[in-house]
Amino acid sequence: MSVSDINTWIGITQNASEHGGLVDHMLGFVHWFMLALFIGWSIFLTIAFTRFRKSKNPSADYHGVRGHASTHIEIGVVVVEAILLLGFAFPLWSRQADDFPTSPDTIKIRALGEKFLWNFQYPGNDMMLSTWSMKGITPSNVTGRDLMDPNGKDDFVSPSTMKLPVGRPVIVDVSSKDVIHNLALVPMRSAQDAIPGVKAHMWFKPVKEGTWDIICGQLCGPGHAQMRAVLEVMDGKEYDEWAKEQSATAAAKSAAAAAPPVASAQ
């Protein structure tokens with residue numbers, strides 16, 4: 001039996017990211033600790049309600065507890081929580097917050113939330129995302145990319161579906177058009193608030209192929225429950241073929257839009 005087995009027993013979604021094992025290991029410790037506290041406090045309350053009930057103790061005892069067992073237990077709880085924070089949570093957070101991948105095969109995408117859907121912008125063959133702004137958002141430019149930015153000529157948008165290659169690090173820029181959303185990628189053990197006016201980032205490395213739901217982790221309005229998207233992790237070659245096809249189509253559309261109109265024959 002491993003520490004993380006309790007996560008499986010309570011039905012946590014399978015891990016599909018490189019760093020997710022550390023997250024699950026920490027969660028396993030937390031769940032076992034909370035289970036021990038639940039059993040311990042349940043036993044304590046049962047004894048207290050039975051031993052000190054009014055019929056057995058008609059006169060109040062104004063001196064209270066004379067031992068130090070409760071103090072020792074409270075100190076023990078603080079020590080365990082400090083170990084979880086200093087030994088697991090802080091190092092893991094530091095790694096994910098500071099050590100962003102810089103390898104050439106890193107996938108960079110943009111996730112823009114709105115009521116009530118996600119749009120995912122991908123770089124083209126140049127692997128460079130365009131700049132963007134809220135002012136640039138139009139019905140035909142749903143992510144507000146800068147149409148004059150040469151890096152964005154071959155960028156393309158995948159509405160409601162995030163496709164990623166297995167075994168390659170992924171950096172996601174996250175923001176929102178309207179209210180606070182949260183891009184929750186549970187199998188990747190990653191989540192990031194999408195806040196209007198804030199360009200936030202998160203990263204992870206998928207290590208397992210599969211298809212999962214993407215949810216909004218914030219209560220963003222009456223349509224919150226319907227704000228679902230799909231996370232699809234596929235083979236690297238399959239992803240490259242899909243990305244090249246989408247990029248070529250986007251580049252052709254950009255070239256056609258930029259071309260001067262042809263004068264009609266007299």
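Helix 4 contributes the most to the lining of the second largest pocket, namely seven residues. The model is predicted, so that local features require pLDDT of at least 70 and side-chain atom pairs count only at pLDDT 80 or more, while totals for chains, interfaces and linings use all residues. Residues are numbered from 1 along each chain as its sequence is written, and side-chain values use heavy atoms, without hydrogens and water.

Helices (H or I, at least four residues) and strands (E, at least two) are DSSP runs numbered from the N terminus. Both strand 3 (156–159) and helix 4 (236–258) supply at least two residues each to the lining of this pocket. A pocket is an open set of points on a 1 Å grid over the protein atoms alone, where a 1.4 Å probe fits, with protein on both sides within 12 Å along at least five of seven lines; lining residues have an atom within 4 Å of a point. The space in the second largest pocket is about 480 Å³, a volume being the space filled by probe spheres set on the points. Of its 20 lining residues, Ser140, Arg145, Asp155, Lys253 and Ser254 lie nearest the centre.

Elsewhere, helix 2 (residues 20–51) packs with helix 3 (residues 69–98) at an angle of about 165 degrees, their axes lying 10 Å apart. Axes are lines fitted to C-alpha atoms over the stretch in contact, and angles run from 0 to 180 degrees between N-to-C directions. The two helices are therefore roughly antiparallel, a term for angles over 145 degrees. The contact (heavy atoms within 4.5 Å) includes Phe29 and Phe33 of helix 2 and Leu84 and Phe88 of helix 3.

Two backbone features remain. A cis peptide bond, with omega of about 5 degrees, joins Lys115 and Phe116; Phe116 is found in the loop between strand 1 (107–114) and strand 2 (117–122). Met127, in the loop between strand 2 and strand 3, has a positive phi of about 60 degrees although it is not a glycine.

Key: Parallel < 35°, antiparallel > 145°, perpendicular 65-115°, else oblique.
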